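Dear colleague,

I am handing over the structure we spoke of, which you will find just below.

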Amino acid sequence: MDAGAPSAKKRRSVAAESHGLERLSAPAPVATEASAPDSTAEPKESPSQEPAPAAGGEEQDGVDRISGLPDAVLGDIVSLLPTKEAARTQTLASRWRHVWRAAPLNLDHGDLNLGDEALAGAVSRILAVHPGPGRRFCIPPHHLHDRPAAVDAWLRSSALDNLQELDFWEDRPYWQRREFPPSPPPASTFRFSATLRVATFRKCHLLDISVDVLHFPQLRQLALEDVEISEGSLHTMISCCPALECLLLKSYGFCRIQISSNSLRSIGLGVSFCRNKPQLREVVIVDAPCLERLLYLQDRMSIDVSVISAPKLETLGCFSDRDRISPCKLMFGTTAIEGLDVVNLAMVVHSVKILAVNSWHINLDMVIDLMKCFPSLEKLYIQVHLVYQGN
């Protein structure tokens, strides 16, 4: 995932990694509805009759090719559809009636577009009629605070067995999001640790006692936004993900984090503020042999980032010089960049090929110094802010 500002959908653009998901299918239950005409039957035609025009999944010869696909393939297709559209496939024809229930469940609150009470009822009904397994489950994080017992019951449902993606997330602008105190997710959240590939936690409190016993052998993408977590638990969580490729970190409860990972390819960093709580100040990338992207998610971050070993790091940005009082600092060994000013050029960084900067105080010397620091640059993106100062 290119790590960027995360939504279940936006977050993937941040994490930016496409990956194949293994599909699990359950036996189809016997349909209780009245049978509809089988869409796979070919229409009877007289020799002189022209074939009917193709519609939907039909080809020019009038044969429904899609309905003829194996159940496993149809299940994969349906599990990738939005929640509401996937359920509606049951009405297409008798051939499709069992497919949704046999396919891995994709339950995303954003696809339902319902208020809180209606959403809670819909989630309960869907989990009651679907036998599982689960592919993706996404609900707004305030349900952890408002109805913890209901969330616990949902997560214990057999419809979510072998869940691959878990998101406590909502796709709304910040000014439309509710304010509520962070709550710990129920213990049932972590029963999927062996099968999860994508996990997003927002506005919750990850307790030490919950994190210390975790192991995520298949987790590829992890996003923590506005999450309260201690430094020790954060280290534990990263180290217990041996396959982790994308990390988005914009949380609080710790001041410093050291990252050593043989699998990480993308890191996104941001600052989350909470009164009287420790705030991230320092990131040390000790050993990341596969790291390709280091992304800053905000233009005002007083974070010192030190890169000790990341030989494949190719993409950096977006760095900003907006905060002149307490600028962000980036160090490669003894080479130091404060804001966008190269203050010590002890060594050049040949691996970086793409650099993005966001400047409020642009000048030619600054750009030249950055190009000297990164002599292998192939792409340089500069966003300039012009501030009007009246008389």
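What follows is a short account of what was found in it, from the chain as a whole to a few individual residues.

Please keep in mind throughout that this is a predicted model. The protein chain has 391 residues, of which 47% count as buried, and along it there are 11 helices and 17 strands. Its accessible surface comes to about 18600 Å², and carbon and sulfur atoms account for 53% of that area.

Some of the strands can be followed from one to the next. Strand 9 (residues 282–287) pairs with strand 11 (residues 304–307) in the parallel sense, over 4 bridges, and within this pairing glutamate 282 has aspartate 304 as its bridge partner. Strand 11 is also joined by 4 bridges to strand 13 (residues 329–332), and these two again run parallel; here valine 305 stands opposite leucine 330 of strand 13.

Threonine 315 belongs to strand 12, which covers residues 315–320. With a relative accessible area of 17%, threonine 315 falls under the 20% limit and is therefore counted as buried. Once its neighbours within four places in sequence are set aside, threonine 315 is in contact with Glu292, Arg293, Leu294 and Leu295, and also with Ile354.

Arginine 178, by contrast, sits in a loop, the one between strand 3 (165–168) and strand 4 (198–202). Its relative accessibility is 33%, which lies between the 20% and 50% limits, so arginine 178 counts as partly exposed. Leaving out neighbours within four places in sequence, the residues in contact with arginine 178 are Asp116, His142, Asp146, Glu170 and Lys203. Proline 141 is 37 residues away from arginine 178 along the chain, and the C-alpha atoms of the two are separated by 9.8 Å.

Finally, a word on the cysteines: a search of the whole structure finds 0 disulfides. Cysteine 138 has a relative accessible area of 1%, under the 20% limit, and so it is buried, whereas cysteine 255, at 39% relative accessibility, counts as partly exposed.

With kind regards

How values were computed: Residues are numbered from 1 along each chain as its sequence is written. This is a predicted model: local features need pLDDT of at least 70, side-chain atom pairs count only at pLDDT 80 or more; totals for chains, interfaces and linings use all residues. Side-chain values use heavy atoms; hydrogens and water are left out. Buried means under 20% relative accessible area, exposed over 50%, partly exposed in between (1.4 Å probe, protein chains only). Contact means heavy atoms within 4.5 Å. A disulfide is a pair of cysteine sulfur atoms within 2.5 Å. Two strands pair if DSSP finds at least two bridges between them. Accessible areas come from the Shrake-Rupley method with a 1.4 Å probe; for residues, only the protein chains shown count as cover.
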